[in-house]
Structures are given as structure tokens and as C-alpha cells.
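Colleague: Let us go through this model one topic at a time. Please give the cut-offs as the terms come up.

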Amino acid sequence: MTASDWTRPARPYAIAHRGAAAYAPDNTLEAFRIASRIGADMWEVDIRVTSDGEIIAFHDKILSDGRKIIDTPFADILAHTTAEHRPCPQLRDVVAEAAKLGAGIYADIKDTNATLPTLHMLQEHGITRAILGAFDPQAAQILAEANSPYPRSVLVPLGAEPFSYAKGADVIHLCWERMERPQDTLTDELFERAFANGQTIAIWHEEDPERMAAIRTRPVIGICSDLPELVNQPGRGLPFQTVCHRGANKIAPENTLPAFECALAAGFDYIECDLHETADGEIVIHHDPTLERTTNGHGPITAQTLDALRDLDAGHWFSPHFTGTKIPTLAEVFALLNRYNGKAYLELKSAPPAPVWQSVCDAGLQERVFFWSFNHAALKELRASAPTARIMARRQDYATLQETLDDLAPQIVEFTLPEGTEEFAAVRDAGAQVMVAAMADDPAILSQVIAAAPDLANVDHPFALTRQVRA
């Protein structure tokens with residue numbers, strides 16, 4: 001392997017599989033840009049050659065209309081993919097963007113005759129952190145003969161013996177995601193043999209949090225994922241707990257399962273969600289009292305049955321990629337919390353306290369959620385019927401701090417930045433936590449949040465906050 005410090009990382013590189021493919025069409029510039037925003041170190045890029053010799057980022061051999069990439073000129077490919085809301089980029093534009101954003105490139109060379117052009121583009125743009133790989137071992141041989149400065153990878157399919165299949169490669173990339181428990185294959189003996197050969201190991205694309213927890217601690221060079229934020233979880237290790245307002249609402253449509261999963265996969269502590277009751281008594285997640293802004297429905301949400309709401313599209317308004325995304329139920333959100341061992345801030349909109357609290361108790365989440373509402377009577381009702389419920393109070397709603405603490409006996413008191421930090425100590429002395437709310441992505445404002453040293457930060461831009469903490 002090429003001798004350089006970056007090839008032996010202290011933690012695995014988060015390799016965005018075809019970009020952040022969970023949040024944008026794969027192998028598009030949008031997917032690659034989002035990947036960097038949510039914590040990817042490298043972008044896995046699928047590389048093919050068009051009939052007119054252009055090197056492009058595209059996974060499949062054929063377009064959706066059946067035309068082969070190798071038989072189709074780039075202009076036609078671009079027109080077709082743009083009409084599908086997934087414009088196919090040329091590799092040179094992807095590499096230029098990676099250089100701009102400081103991302104590494106993991107090249108999955110699908111057409112062997114793209115091997116040398118890919119190498120030359122990476123060198124021309126000054127990319128230092130790159131791995132060049134392919135299922136065809138011939139690509140690794142071409143790179144060796146060209147004295148490539150980058151590690152060479154061979155992608156090992158399920159059923160192949162890795163050391164013979166990837167003989168001579170620097171990186172053994174195990175494509176074993178279809179195994180039931182591929183994490184069990186990562187034995188000490190496997191790594192010892194690889195290291196003895198001067199090789200390292202990269203891992204299949206992984207999106208399961210339980211399996212990811214088992215592999216992120218192994219001495220691998222990188223882990224591919226459609227959810228690159230799941231690999232090293234940038235939301236963990238912050239000096240406060242982070243509440244993601246309506247989920248990761250700048251990455252996926254607010255108050256939907258993709259937005260909540262992005263926040264939880266990234267390791268942020270809480271998702272904030274807004275609760276309404278349907279006409280047939282079900283609890284769903286949606287912010288506005290009406291449907292028009294974020295769905296293709298109309299009128300009050302409370303006038304609709306659950307079945308009617310589930311027929312609506314709650315994602316297309318945000319991006320064509322999310323077309324068909326549904327309004328989630330409270331039960332679905334609780335299932336996601338359990339999948340990631342996450343927590344939630346539940347804002348009661350039209351949802352009544354009693355059935356919501358019963359659902360919380362049924363799910364065993366009493367200690368992992370807290371409540372607030374603009375409807376003060378709802379909070380009074382919740383406190384009267386559920387003395388152990390965790391309730392948040394906003395400092396701005398009371399004349400004095402003592403009134404804030406006396407009214408609902410809150411476990412959390414929320415401040416805005418203009419209210420200052422002078423009362424934080426008194427809140428903590430009373431046994432409550434301090435939360436600071438700031439919805440802007442301005443670095444100066446986020447720096448103020450960090451300097452305030454709250455117990456919780458309620459933000460619209462959690463990934464920006466993370467970058468500011470670590471700047």
C-alpha cells in the first residue's frame with residue numbers, strides 16, 4: 001500500500017455510497033454535496049464511459065429506457081437523466097467538487113477503460129485521499145503499471161475467497177452486505193492476515209445501526225453507507241445534547257421518517273416532532289394545522305382520517321427524490337426511536353395529552369421524551385394526569401424565573417439567546433435542565449449557542465452546529 005498517514009485512519013472513513021443515496025438520487029452532484037454536509041469523508045463514485053468517450057458517474061449499465069451507457073452519447077444521457085430529476089454528472093465535475101469540499105474519492109470503476117482517465121483526473125485536481133477500485137482485478141493491474149500513487153482496491157463479491165480474489169490489491173473491499181450477519185466475518189485472523197500482506201479492508205455498504213455498531217470499531221479503512229452519517233455519527237460527543245427541530249429538516253422533508261432517521265443515525269440525541277390527532281383518533285406527525293404547505297392535501301389535518309392522510313405525498317414539496325414520502329404515525333416514530341435508542345421532544349399541537357402519554361407508556365419511553373405545547377391547558381392536563389411526565393417550559397412565556405419553575409414543575413427550561421445566561425445556574429439549582437433554542441445557521445449565532453454551554457441545544461441546523469463545535 002502507498003505509504004501515507006491517511007491510509008491508516010484512527011476511525012473508519014465514512015464513505016458515502018454513491019453519495020448520500022438515502023437523501024438524493026445516487027451519483028448526482030446533489031447526493032455528493034449532501035454527503036459532505038452530513039459527515040462523509042469520502043464519496044464512492046461509480047464510473048462508466050459513454051459512447052463518445054466521456055467519463056461519467058453512473059451505476060447501472062443501462063438507462064431506465066433500456067439504452068446501454070456504452071452505446072449512448074453523454075448529451076443524450078444527460079437529457080434523459082435530467083428529465084428523471086437525477087442529472088448524470090461528468091466525472092471531472094464530481095472530482096472538482098470533491099476538491100472544493102475537501103472530500104476523498106472512492107472510485108468504483110465499472111468500465112475498465114475508464115481506469116487511467118480516472119487516475120489522471122484525480123491527480124490533476126490534487127486529490128490526495130483516493131482509493132481506486134473495481135470488481136475486475138484487471139483495473140488494479142492497470143493502476144500498478146501506471147505507478148498510481150493511490151491505494152488500489154478490488155471489490156470482492158459474496159462467495160469469493162477474499163485474499164485470492166484481491167491478490168496484489170492494497171484494499172480488500174468486502175461486498176458482503178447480503179449476508180445475514182456479515183459483521184461476524186470480521187475476525188482478528190482476517191485482519192492479521194490482511195495486515196501481514198500489507199493490505200487493509202473496506203466494508204460493504206451498511207445501513208443497519210446494530211450491524212454498524214459492530215463494524216465501526218474494527219480496524220478497517222472505511223465503511224460505505226447510503227447513510228454516511230451513521231458511520232461515525234457526528235452528533236455524538238458534543239458538549240450538550242442536541243434536539244433536531246422537526247428532524248434533520250434541511251436534509252429531508254420536515255417531520256417525516258427520513259428526516260428523523262437522518263438525525264438519529266447521525267447520533268443526535270433528540271428529534272422534535274409535532275403531534276396532531278386525526279378525525280378517527282390516530283396520532284400523526286405534522287407541523288401545520290393545515291395540509292397545503294408540506295403535502296398535496298388541502299384543509300385541516302384534524303378533518304382527515306388516517307387512511308386519507310396516508311394517501312398524501314409529504315415529500316415531493318421538498319425534493320422529487322422524496323416523492324411518495326408519507327405523513328408518519330406516532331407509532332412509527334417510536335419504532336424508529338427504539339431502532340436507534342433515540343429520544344424525542346413531543347410538541348402537542350391538536351393531539352390530546354392522554355392518548356399520547358398512554359402511547360409513550362406503552363412504548364416504555366417515559367424517560368426518553370419530553371413535552372411542550374402552545375396550548376397551555378394541554379400541558380396542565382398532562383401534568384395533572386402524568387406527574388412523572390417530563391415537561392419543558394419556555395422562559396419567554398413567564399414574567400419571572402420563579403413563575404416559570406412553579407407553574408408546571410418543568411424538567412427543562414428553554415431560553416433564546418437574547419434572554420442571556422444569567423438564570424442558567426438557578427434553573428440547574430432547581431433540578432431542571434437548560435435548553436437554548438436557535439434556528440439560524442449563521443456561524444456567529446451557533447458560536448453563541450456553544451458559548452452559552454446549555455444542557456440541550458434546540459436547532460434547525462444540527463450538522464452546522466456540529467461543524468462549529470469542531471471548528
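Colleague: By class, how many nonpolar, polar and charged residues does the lining of the largest cavity have?
Modeller: This is a predicted model: local features need pLDDT of at least 70, side-chain atom pairs count only at pLDDT 80 or more, and totals for chains, interfaces and linings use all residues. Numbering runs from 1 along each chain as its sequence is written, and side-chain values use heavy atoms, with hydrogens and water left out. The lining comprises Glu-254, Asn-255, Thr-256, Ile-285, His-286, His-287, Thr-294, Ala-314, Lys-326, Ile-327 and Pro-328. With Ala, Val, Leu, Ile, Met, Phe, Trp, Tyr, Cys and Pro as nonpolar, Asp, Glu, Lys and Arg as charged and the others, Gly among them, as polar, the lining has four nonpolar, five polar and two charged residues.

Colleague: How much space lies in the largest cavity?
Modeller: A cavity is a set of points, on a 1 Å grid over the protein atoms alone, where a 1.4 Å probe fits but cannot get out; lining residues have an atom within 4 Å of a point. Grid points are joined across faces, edges and corners, and a volume is the space filled by probe spheres set on the points. The whole structure has one cavity of 30 Å³ or more. The space in the largest cavity is about 50 Å³.

Colleague: Is Asn-255 buried or exposed?
Modeller: Asn-255 sits in the loop between β10 and α10, and its phi is positive, near 55°, although it is not a glycine. Helices (H or I, at least four residues) and strands (E, at least two) are DSSP runs, numbered from the N terminus. Buried means under 20% relative accessible area, exposed over 50% and partly exposed in between, with a 1.4 Å probe and protein chains only. At 3% relative accessibility, Asn-255 is buried.

Colleague: Which elements give two or more residues to the lining of the largest pocket?
Modeller: A pocket is an open set of points with protein on both sides within 12 Å along at least five of seven lines. The largest pocket holds about 360 Å³ of space, and among its 19 lining residues Phe-135, Cys-175, Glu-177, Arg-178 and His-205 lie nearest the centre. Those giving two or more residues are β2 (42–49), β4 (104–109), β6 (152–157), β7 (171–175) and β8 (200–205).

Colleague: Within what arc do the buried residues of α17 fall?
Modeller: Leu-446, Val-449 and Ala-452 are buried in α17 (residues 443–452). They line one face of the helix, because, taking directions from the helix axis to the C-beta atoms, they fall within an arc of 115°.

Colleague: Which residue caps the N-terminal end of α17?
Modeller: A polar contact is a pair of N or O atoms within 3.5 Å; within protein, one must be able to donate a hydrogen and the other to accept it, and residues adjacent in sequence count only if both atoms are side-chain atoms. Here a side-chain oxygen lies 2.9 Å from the backbone nitrogen of Ala-444. The residue that supplies this oxygen is Asp-442.

Colleague: How far from a polar side-chain atom of Thr-72 is the backbone oxygen of Lys-68?
Modeller: Thr-72 lies in the loop between β3 (55–57) and α2 (74–83) and is buried, at 4% relative accessibility. Beyond four places in sequence, Thr-72 has contacts (heavy atoms within 4.5 Å) with Thr-50, Ser-51, Asp-52, Leu-63, Arg-67 and Ile-77. From the backbone oxygen of Lys-68 to a polar atom of the Thr-72 side chain is 2.6 Å.
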